[in-house]
2 protein chains.
Amino acid sequence: MTDHTPYQDDGRLKRLKDSLIERLGPQAIIDQPDDLVPYVTERRGRYKPQTPFVVRPASTQEVSETLKLCTALEVPIVPQGGNTGLVGGGVPYEGRGEVILNLGRMNKIRSLDPDNYSITVEAGCILQRIQEAAADVDRLFPLSLGAEGSCQIGGNLSTNAGGIHVIRYGNMRDLVLGVEAVLPDGRIWNGLRSLRKDNTGYDLKQLFIGGEGTLGVVTAAVLKLFARPRETAVAFVAVQGPEAAVKLLGDLRRASGEAVLAFEIIPRIALDFALKHVAGTIDPLGQPAAWYILVELAAGRPDSGLGDLLEEALSEAFESELVLDATVARSEAQAQQIWFIREAIVEAQKHEGGSIKHDVSVPVAAVPRFLELATAKVREMIPGIRPVPFGHLGDGNIHFNLSQPLGADREAYLAQWEVVNEEVHMIVHALGGSISAEHGLGRLKLEENKRFKEPIELEMMRAIKAVFDPKGLMNPGKMID
Amino acid sequence: MTDHTPYQDDGRLKRLKDSLIERLGPQAIIDQPDDLVPYVTERRGRYKPQTPFVVRPASTQEVSETLKLCTALEVPIVPQGGNTGLVGGGVPYEGRGEVILNLGRMNKIRSLDPDNYSITVEAGCILQRIQEAAADVDRLFPLSLGAEGSCQIGGNLSTNAGGIHVIRYGNMRDLVLGVEAVLPDGRIWNGLRSLRKDNTGYDLKQLFIGGEGTLGVVTAAVLKLFARPRETAVAFVAVQGPEAAVKLLGDLRRASGEAVLAFEIIPRIALDFALKHVAGTIDPLGQPAAWYILVELAAGRPDSGLGDLLEEALSEAFESELVLDATVARSEAQAQQIWFIREAIVEAQKHEGGSIKHDVSVPVAAVPRFLELATAKVREMIPGIRPVPFGHLGDGNIHFNLSQPLGADREAYLAQWEVVNEEVHMIVHALGGSISAEHGLGRLKLEENKRFKEPIELEMMRAIKAVFDPKGLMNPGKMID
């Protein structure tokens with residue numbers, strides 16, 4: 001777990017550690033191999049990260065002191081939150097002596113202002129705790145994603161996290177009013193404004209949001225809160241196909257007045273996998289269909305007749321032949337049953353062998369064309385391959401997952417991950433899409449991004465990186481080099 | 001209207017003009033004094049801008065050629081849209097030989113995609129035309145402000161325009177999916193993505209949005225569209241005071257499920273001014289009160305009972321003594337009558353002599369404290385002064401306008417503009433507010449902003465400016481120097 005680089009042998013790392021212990025106390029340093037395991041374990045097992053030690057500052061001031069020391073000694077540093085990222089953005093490289101700066105001890109909710117619909121939190125706060133704190137004062141913090149029980153808001157912010165409710169509330173970027181960040185030289189920028197309107201300069205916080213910790217360390221943020229929905233309506237809908245689904249989405253946004261909270265596409269094969277492998281999954285509709293939509297509407301007031309509205313809209317869509325069949329949940333239990341299908345897909349797919357994954361987005365209206373082209377391409381590349389494309393059609397973000405052919409060798413199949421990615425990403429790019437919709441670039445897509453990004457954009461990114469981090473010490477080799 | 005600087009006499013401007021005529025055609029150049037008038041007229045009459053000539057490119061390519069030439073010859077340039085700005089951001093300084101680059105000829109709607117809820121427009125499109133194009137396909141482009149009949153979207157974007165619906169749809173920044181911009185050296189960045197999720201790098205478009213044309217020229221943008229509201233409910237409400245108003249806002253956001261489209265505060269004096277000076281204004285309530293709220297809710301579907309909901313919520317607020325009296329419009333005509341009051345205030349105030357204005361915001365919950373402190377301060381400074389603070393309480397943006405004392409000398413009163421601004425801005429700053437909520441910095445607040453902005457933030461801004469515009473030719477002396 002530890003590593004040995006030439007620079008490590010010149011005594012700088014020891015000096016850094018000694019200074020940190022002196023200033024932050026011994027409890028701020030983790031350097032025993034067993035204790036390091038959770039910090040250097042990369043979620044998808046793709047990398048075997050190494051670090052000489054982890055520093056865990058307890059305050060913005062301590063983050064500042066840490067960065068000041070690292071810059072003086074030219075020691076590279078990797079900011080880390082809950083370590084739930086999927087592209088290796090929050091873990092070090094191997095053998096480079098990169099110190100991990102973990103924000104987990106900075107976990108205070110600094111203030112909560114229901115009248116201002118805002119909350120000020122430190123970077124290490126667990127997302128779910130923020131959701132709960134908001135709910136306690138009858139407010140909603142709408143960011144919601146699989147890892148919410150363990151991911152930290154600083155990581156959400158640094159990766160511009162998305163999740164299930166983007167169509168209604170936007171990405172993390174849209175939920176931030178202000179940011180506190182420490183620059184690599186240790187200077188603290190207090191940008192913790194809680195204003196809805198402020199035109200007094202370049203919007204600098206936008207560089208830190210989604211910046212993967214390559215420009216500085218976000219230590220706190222002011223987040224927007226919302227009124228909590230009082231009523232929801234959930235339906236499981238068999239549609240004519242992806243094109244009908246896009247049309248249905250537009251119609252439902254219109255008919256409900258932008259009340260669409262989630263709009264997920266599910267192919268039959270995903271439902272089949274769930275039915276086969278996950279106990280408790282049931283097919284909500286009588287006849288099988290090729291494509292389904294899980295839609296959830298949310299209204300701000302109870303008894304607003306949302307279920308009836310959804311039923312009417314779906315009847316109209318049935319008459320215009322967009323919809324083949326549909327069931328609207330008539331109880332909370334039924335709604336949960338429907339959502340259970342969506343959640344079961346990820347688990348179910350594991351039982352069908354190797355899966356080559358993509359995290360891509362295209363303009364919403366281009367999703368049908370993307371599915372058509374990408375499916376044809378991978379079938380041509382690997383006969384028998386089983387595409388299981390599902391996910392957030394509402395924002396054009398499809399998890400284009402590909403299960404191995406029946407009976408194929410798992411390892412041999414997974415060895416084709418990169419060549420498949422490359423072909424699919426070329427289609428995504430041609431449709432004006434993104435090769436990383438949600439998860440970021442991190443280590444995984446650093447190189448590939450350079451192939452798809454316009455040179456001028458890479459140049460602007462490099463120039464900005466050079467301004468903030470001239471020595472290249474902040475999360476080196478992530479996002480941009 | 002023309003000016004003579006040393007650099008102008010060295011023949012560079014003539015070479016530039018000749019080259020532009022050769023490449024863009026003579027119709028792209030305006031240099032006759034009479035024709036220049038609309039381009040050098042500053043809306044509030046605060047400045048007497050001068051320019052040697054105006055260049056009006058008809059395409060992104062022509063903008064690129066213009067900037068390439070300007071950079072080669074080191075000629076400073078001022079990007080300009082509809083010239084409706086209020087801080088002199090889109091007009092040149094006097095005597096500096098700054099060429100105006102007006103985007104008015106780039107006025108095409110490049111594409112409109114109702115299924116993707118997006119529209120791609122050139123910088124010179126008039127805002128209202130975009131609203132209408134969206135409405136034609138049953139969609140909403142929600143940006144709405146006084147100058148919408150003549151302002152251009154490029155200017156809205158470069159100033160991060162706000163307006164009346166920020167509480168529901170956000171500022172301009174929140175409505176942009178992608179940007180096309182030309183850098184000072186003439187390179188074109190095609191960032192016209194129409195994606196809802198894209199995490200493949202720093203979000204560079206955010207620097208151009210609200211950048212006041214100091215980093216490059218925005219030539220086109222992809223904008224978000226929304227479903228059009230089908231029903232609205234408008235009420236005029238007498239409240240206990242600003243604190244009750246903030247509470248009422250929170251309650252209405254909650255009760256309506258974030259259906260609040262506008263929430264404007266109006267003091268009695270503003271209503272009195274309107275009743276006195278603007279024909280057709282009527283007092284909607286029987287008894288005078290010190291403070292009023294104009295609230296509008298919007299719902300996505302017709303017959304959603306929004307009026308009843310508003311009435312019920314106001315009844316509850318009456319019982320809890322937040323509200324003294326209220327009337328809910330029961331027809332479109334009544335709703336217009338109420339909005340007419342709000343619109344009449346600006347006009348009415350002109351008849352009451354000189355007015356010292358502010359464009360400030362504070363956190364929504366801090367508005368009452370701001371009103372209390374700022375009113376006391378200006379009364380102390382100028383006995384008899386008549387504060388008329390009104391505006392967007394929903395997003396903390398109060399137009400803190402101060403009418404002169406009765407019988408005072410107009411010019412002598414207005415001569416105190418800056419000292420009054422300074423005191424009010426100190427209160428705003430102490431409350432964590434912004435000295436320019438909507439209108440930007442431009443020429444007007446360049447210097448003052450330096451007093452209130454943290455040095456570290458000014459340094460970051462300067463460093464970014466230096467990266468994009470190393471020669472300092474793009475809108476020099478605006479926003480940051």
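Q: How should I read the accessibility of A:Arg254: is this residue buried, partly exposed or exposed?

A: At 30% relative accessibility, A:Arg254 counts as partly exposed. Buried means under 20% relative accessible area, exposed means over 50%, and partly exposed lies in between, with a 1.4 Å probe and protein chains only. Before we go on, note that this is a predicted model, in which local features need pLDDT of at least 70 and side-chain atom pairs count only at pLDDT 80 or more, while totals for chains, interfaces and linings use all residues. Residues are numbered from 1 along each chain as its sequence is written, chains are lettered from A and ligands numbered from 1 in the order in which they are written, and side-chain values use heavy atoms, leaving out hydrogens and water.

Q: Which residue forms a salt bridge with A:Arg254?

A: The general idea is that side chains of opposite charge can pair when their charged atoms come close. Here a salt bridge is a side-chain nitrogen of Lys or Arg within 4 Å of a carboxyl oxygen of Asp or Glu. The partner of A:Arg254 is B:Asp138, with the closest N and O atoms 2.5 Å apart. A:Arg254 sits in helix 8 (residues 242–256) of chain A and B:Asp138 in the loop between helix 4 (127–136) and strand 7 (139–140) of chain B, so this pair joins two chains. Helices (H or I, at least four residues) and strands (E, at least two) are DSSP runs, numbered from the N terminus.

Q: How many salt bridges are there over all chains?

A: A search of the whole structure gives 80. One of the pairs is A:Lys377 with A:Glu380, whose closest N and O atoms are 3.5 Å apart. These two residues are 3 apart in helix 12 (residues 367–381) of chain A, which means about one helical turn separates them. A:Lys377 is partly exposed at 23%, whereas A:Glu380 is exposed at 58%. For a network, look at A:Lys108, A:Arg110, A:Glu122 and A:Glu180, which salt bridges link together.

Q: Where in chain B do B:Arg342 and B:Glu264 lie?

A: B:Arg342 is in helix 11 (residues 332–350) and B:Glu264 in strand 13 (residues 260–267) of chain B, so far as sequence goes 78 residues apart. Their side chains meet in a salt bridge of 2.6 Å, N to O, and both residues are buried.

Q: What is the order of the strands in the open sheet of 4 strands in chain B?

A: Strands of a sheet pair through backbone hydrogen bonds, either parallel or antiparallel. In this analysis, two strands pair if DSSP finds at least two bridges between them. The sheet has the order 1-2-4-3, with mixed pairing. Strand 1 (29–30) and strand 3 (77–80) stand at its edges with a single partner strand each, so one side of each has no neighbour in the sheet. Strand 3 runs parallel to strand 4 (residues 99–102) of chain B, joined by 4 bridges; B:Ile77 has B:Val99 as its bridge partner there.

Q: How many residues of strand 12 of chain B are buried?

A: In strand 12 (residues 231–239), 8 of the 9 residues are buried, so the strand is largely enclosed by the rest of the structure. Strand 12 of chain B runs antiparallel to strand 14 (residues 291–299), with 9 bridges between them, and B:Val239 is partnered with B:Trp291. Strand 12 also pairs in the antiparallel sense with strand 15 (residues 323–328) over 5 bridges, where B:Ala235 stands opposite B:Val328.

Q: What is the phi of B:Tyr117?

A: Most residues other than glycine have a negative phi, and most peptide bonds are trans. B:Tyr117 has a positive phi, near 50°. This residue lies in the loop between strand 5 (109–113) and strand 6 (118–122) of chain B, and at 1% relative accessibility B:Tyr117 is buried. A:Glu74, also not a glycine, has a positive phi of about 55°; A:Glu74 lies in the loop between helix 3 (60–73) and strand 3 (77–80) of chain A and is partly exposed at 42%.

Q: What rotation superposes chain B on chain A?

A: A rotation of 180° with 0.0 Å of shift along its axis does so, at an RMSD of 0.0 Å. That is the relation of a two-fold axis. The superposition is by least squares on the C-alpha atoms of residues with pLDDT of at least 70 in both copies.
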